[in-house]
Amino acid sequence: MIRIERRLTEARWLVVAVPLGSLLGAAILSSIILFLTGHDPLATWARLLDRGFFASGAMSATLVTATPLLLTGLAAAAAFRMQTWNIGAEGQLYLGAIGASGIGIALRGQPALVIIPAMVIAGLATGAAWAAIPGVLRAYTRTNEIITSLMLNYVAGLLMTYLIFDSHSFWRDLSSFTARVFPQGKYLSEAASWPSFPIGGAVIPLGLLLGVVAAAVLWLVYTATRFGFEARVIGDSRAAAHYAGIRTRRKIVAVMALSGALAGLGGASEIGDFRHVLDPRGLQQASFGYAGIVVAALARLNPFAVIVVAILLGGLSNAGFSLQGATFPAGLVGTLQGLILFCALAGELLVHYRVRIGRPGRKAPPLSQVGVA
Amino acid sequence: MINDSVLVVIAASAISYGTPLLFAALGELLAERSGVLNLGVEGMMLMGAVTGFWAVQTVGGPGWVSLITAVVVAALAGAGTSLIHAFLTITLRASQIVSGLALTIFAGASGLSSYIGHVANLGGKPARHEFDALNVLGLRDAPVIGPILFHQNALTYVSWTLVALTLFYLYRTRPGLHLRAVGESPGTADAMGVNVTAYRYIHVMIGGALAGIGGAFFSLAITPSWLDGMTSGAGWIAIALVIFAFWRPELALVGAYLFGAFSSLAFTLQARQVHLPPEVFASLPYLMTIVVLVLVSTGWARRRLGAPAALGVPYVREER
Amino acid sequence: MVAAGQVPAVTMRGISKRFPGVRANDQVDFEVLPGEIHALLGENGAGKSTLSNILTGLYRPDEGEILLRGKPVVFQSPRDAIEAGIGMVHQHFRLAASFTVAENLVLGHRDAADRGLLLEPRMVEGRITDLSQRYRMPVNPRARIWQLSVGEQQRVEILKALYRGARILILDEPTSQLTPQEADDLFQTLRLMAGERRAVIFISHKLEEVMAVSNRVTVLRGGRVIGTVMTKETNTRELARMMVGREVVFTQKKEGPAQPERQVALELRGISANGDLGTAALREVNVTVHAGEIVGIAGVAGNGQRELAEVITGMRRRTAGQVAIRGRVMRGGDPLEPIQWGVAYVPDDRLGTGVAPSLSIADNLVLKAYRRAPISTFGVLHPRRIRAHATELMQRFNIGASTSQTPARQLSGGNIQKVLLARELSSRPLVLVANSPTSGLDVGATDTVRKLLLEAAGRGVGILLISEDLDEILALADRIAVLYNGRITGIVERQHADVEQIGLMMAGAA
């Protein structure tokens with residue numbers, strides 16, 4: 001007979017063991033899927049790891065992919081900690097990209113010191129504004145934010161497509177005949193390219209550094225400020241928050257906006273660090289927003305753990321996309337991410353519960369040993 | 001002729017576009033009635049779409065054999081996918097929200113459904129067989145009601161039967177009463193000898209099966225071919241529909257056709273040379289979902305009419 | 001009625017049940033004869049509920065065996081116990097609120113007459129009417145549970161057991177939410193059932209009613225059986241000693257001379273408010289609490305108590321009337337306002353509303369003070385001061401926990417209530433609203449809470465004490481107001497209080 005009992009205290013070592021175990025479990029499960037579909041799991045894994053981390057230049061590419069993942073992961077962590085389910089990081093990232101690229105194009109000719117901060121601010125602001133919509137609806141009309149924020153992802157994707165493919169918008173390149181026939185966005189000026197910093201064998205993009213700073217700020221906000229305290233109370237019990245006189249509605253909007261700002265910064269970094277153009281297809285294919293949920297869950301909503309997990313999953317996505325082709329089918333990355341999440345959820349059980357296997361009718365220890373008199 | 005008028009065309013295709021939503025929403029409704037929220041509908045639909053399409057391409061024999069097999073395969077795929085969610089949330093008490101999201105990421109676009117589609121090389125080919133509109137009782141050309149009620153495909157008629165069956169099941173049968181009790185007050189149901197775990201597992205899996213069929217409707221009737229991520233959010237709209245319907249099957253039918261109409265509006269108006277950017281039409285179902293949700297979340301509807309009281313709460317007997 | 005040599009209806013031998021960190025039952029032996037009303041007496045946490053949950057198949061014992069009419073049985077699930085003729089009336093009724101009475105009765109049940117796949121509402125309703133006439137428990141089978149009063153809901157619970165042909169009936173604290181008169185009616189029904197040679201197990205921690213209704217009493221303490229005695233051969237004093245393990249004298253309010261020029265701390269003028277379902281829950285309530293005075297609000301749960309507390313503390317909007325603190329009228333509808341005006345609140349839902357369950361003791365102790373210096377300045381919290389604050393209060397209020405970082409949900413009910421009171425009383429309030437402050441607590445914690453309330457009143461805090469426990473109100477309050485159906489049906493001075501009369505007011509009959 002299997003019994004599941006609540007642990008009185010969380011086992012510390014499990015906090016590290018669970019994410020690692022989840023990765024291992026997901027690796028085993030996905031190997032089974034690979035095997036069943038006629039692929040050699042070991043060879044596939046070897047290629048994935050090589051292309052993700054060890055091949056020359058792989059780490060730099062991985063860090064570029066990890067940057068938006070880090071920021072959407074933080075976005076999810078910021079909201080989920082308050083039990084506010086912002087599933088809209090995907091759309092908020094698109095909006096951040098739209099905002100940052102728009103400012104970048106508008107400020108053409110300005111020096112980098114003007115353009116880059118403007119892009120950062122635009123990304124933060126547009127992402128926050130987009131996320132505030134489901135936030136306000138949740139706070140003031142009690143509309144389920146999961147569905148509204150998700151619906152807005154589709155709308156944001158369509159908005160991007162419209163700007164580049166179905167309109168003569170400010171973002172679209174109309175300067176040449178080919179650009180009119182094969183629509184694409186305007187490229188940003190050289191000054192709008194974000195700097196990167198070579199350290200060791202890898203190149204660290206500015207966005208990643210901003211993400212690390214954001215992680216530290218998020219951690220500080222949640223542990224050491226009134227705002228964070230209130231968010232923790234709300235996250236634990238809405239009734240207790242109401243009782244303590246906390247303005248729950250404003251806080252929901254604020255946390256959604258904060259979450260959206262982080263995702264929006266992820267969009268800005270995609271433009272500044274990597275694409276330098278508003279690229280609807282590329283951004284939608286990457287689906288960084290959804291992957292951010294995986295990152296946050298695996299990091300158990302800890303901002304610093306988000307950094308590590310983002311780099312790990314960034315490597316896998318990066319490798320998955322660059323290897324995609326006839327011998328390496330698409331869809332493996334999402335499958336893998338899903339499996340990691342499943343394992344992490346199952347592992348969460350171990351943190352909070354003790355699984356006992358044994359027969360009923362065993363002799364229980366005497367009262368004195370249990371510590372209850 | 002009146003049957004070519006915009007309204008009739010929209011109404012007829014609203015039913016067609018609404019049918020997959022209805023299947024998925026009925027399934028989610030049953031799962032939620034048992035107290036389990038499954039946000040993985042989109043993923044389960046995509047699994048149904050890809051496996052159903054695969055079956056129709058692979059299974060020989062006459063068209064109807066192939067199609068029925070495809071529907072069964074899609075239902076099994078959906079149910080199998082939902083089993084993961086059932087195990088994680090019912091047995092392991094994981095967060096229903098996160099597990100449902102995980103299911104969508106796992107099975108959805110750029111997940112397992114996409115993997116299967118690419119491995120089996122299904123993309124870009126027309127379906128060998130598809131669900132054609134029937135001419136029921138020869139009334140296809142009857143004015144107004146003909147195209148709307150008598151010129152739909154077989155699955156649509158199946159979905160109507162399902163609505164009636166679900167209503168009967170929920171309110172007139174003993175297992176239906178038990179199901180409602182499990183979602184409403186699992187502690188009561190348990191104390192009265194109803195097997196809460198079994199009811200939850202079974203209904204989550206029925207929900208998965210119906211979502212799978214809904215997905216197959218896309219690849220076998222609407223498109224009919226396979227594309228990565230082809231349900232484009234229908235699963236999420238189905239979840240919203242359950243809220244909109246106050247967890248009642250007959251209202252789910254109304255809601256499904258309302259949203260079907262938003263989708264068909266986009267295609268019909270575009271086909272009739274109404275000049276607006278296609279994205280405006282395409283975003284209509286998503287925006288309307290938000291609007292409708294806001295409406296049912298405020299005012300008189302605010303008291304969570306019909307929501308199962310234990311929705312989203314794991315049931316644990318031996319915990320104090 | 002209890003004769004030697006009878007085969008017991010139920011025999012439980014050597015029952016043990018362990019939960020993480022607690023041994024709820026330890027080698028319990030217990031037997032009940034047919035036709036007997038057997039009381040199971042013990043404090044909260046003595047193991048009564050665990051024992052009954054084992055007998056109803058909800059829990060499986062770690063050790064021990066159960067015999068019904070002399071034959072050993074093993075219950076794999078509640079269904080087995082129901083089929084063996086065991087019926088349970090839970091303290092928190094196991095009824096689906098949105099279902100009708102009839103639907104609740106057929107739930108999970110099949111018998112010779114009613115076993116098909118389809119529901120047969122008409123036949124079931126007929127059977128319910130027959131049963132309710134026979135046991136004099138009138139109830140409308142088509143009514144939905146949420147429309148019924150607590151007393152009626154209890155009838156449904158008992159009918160449910162009888163509908164299943166229960167020969168052994170277990171009632172868990174059945175009088176806790178009844179008026180004294182309703183409790184008398186219940187005792188009549190129980191005697192009727194015992195007269196049919198059904199075995200009745202009556203779980204309670206109230207000595208008087210155990211003396212009034214039972215034939216035998218088994219006393220549990222700390223999960224063990226202390227003894228089984230014939231009711232007519234014992235008395236409340238002996239039972240109390242067995243139950244608690246020492247002599248108990250509850251703290252009582254000392255009769256003090258009236259202080260005529262006391263200031264008004266809290267004044268409610270014509271308060272009306274709606275309940276959660278939008279129906280009127282409070283109707284023109286007028287109550288005045290002076291500084292240093294304890295005003296008790298008596299009444300059966302669900303008559304507007306929670307709504308009253310919530311209106312005063314800003315958690316619920318009122319539809320009419322005014323709430324004044326020291327003569328100043330509050331805007332209302334905002335929980336922060338009364339906090340800033342010096343209104344402390346101990347809600348009935350301790351874990352969930354009164355404290356945030358996953359947050360630490362330290363965080364819970366600053367749940368209201370976190371806004372101000374010295375706990376925070378310019379939006380930044382000071383963890384060291386939070387910890388120091390916690391250490392001080394944990395010492396002063398004797399909160400039993402290893403560290404201030406322990407999550408609140410791991411504390412016992414008594415310690416949770418101490419955390420709550422420590423936070424609320426340390427804010428130096430003018431008014432304290434306490435809703436059911438001792439419900440579910442053991443004797444020691446109950447006494448501590450009562451002492452704290454009396455001390456606070458002694459320092460001049462005006463206290464509104466809402467409690468279903470009439471004895472508690474009689475022990476602590478200076479004046480007693482009775483709430484029935486959202487109205488104050490009477491206010492009496494404690495010196496002139498008469499239990500019989502208050503009981504009638506609680507039932508709306510006076």
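Here is a short tour of the structure, stop by stop.

First, the ground rules. This is a predicted model, where local features need pLDDT of at least 70, side-chain atom pairs count only at pLDDT 80 or more, and totals for chains, interfaces and linings use all residues. Residues are numbered from 1 along each chain as its sequence is written, while chains are lettered from A and ligands numbered from 1 in the order in which they are written.

**Stop 1: chain B, coloured by confidence.** Its mean pLDDT (the predictor's confidence in each residue, from 0 to 100) is 90, and 96% of its residues reach 70 or more. Helices here are DSSP runs of H or I with at least four residues, numbered from the N terminus.

**Stop 2: B, 41-58.** You've selected H2(B), 18 residues reaching 25 Å from first C-alpha to last, close to the 26 Å expected at 1.5 Å a residue; that expected span is 1.5 Å times one less than the number of residues. Is the helix mostly covered or mostly open? Mostly covered: 16 of its 18 residues are buried, as in 20 or more other C-beta atoms within 10 Å of a residue's own, with C-beta atoms placed from the backbone.

**Stop 3: where A meets B.** Show both chains: 43 residues of chain A are in contact with 43 residues of chain B, contact being C-beta atoms, placed from the backbone, within 7 Å. On the chain A side, select H5 (112-141), H6 (145-165), H13 (288-298) and H15 (332-352), which each supply at least two residues. H15(A) gives the most, with 13.

**Stop 4: the two domains of chain A.** Colour domain 1 (1-37 + 334-373) and domain 2 (66-328) separately; such bounds come from an automatic or database domain assignment. Their C-alpha centres lie 32 Å apart. Across the boundary, 8 residues of domain 1 are in contact with 7 of domain 2. H15(A) supplies the largest share of the domain 1 side, 5 residues.

**Stop 5: the largest nonpolar core.** It holds 382 residues, and those touching the most other members include Leu74(A), Leu241(B) and Ile463(C). A core is a set of buried Ala, Val, Leu, Ile, Met, Phe, Trp, Tyr and Cys residues joined through C-beta atoms within 7 Å.

Key: Buried ≥ 20, exposed ≤ 12 C-beta atoms within 10 Å, placed from the backbone. Contact = placed C-beta atoms within 7 Å.
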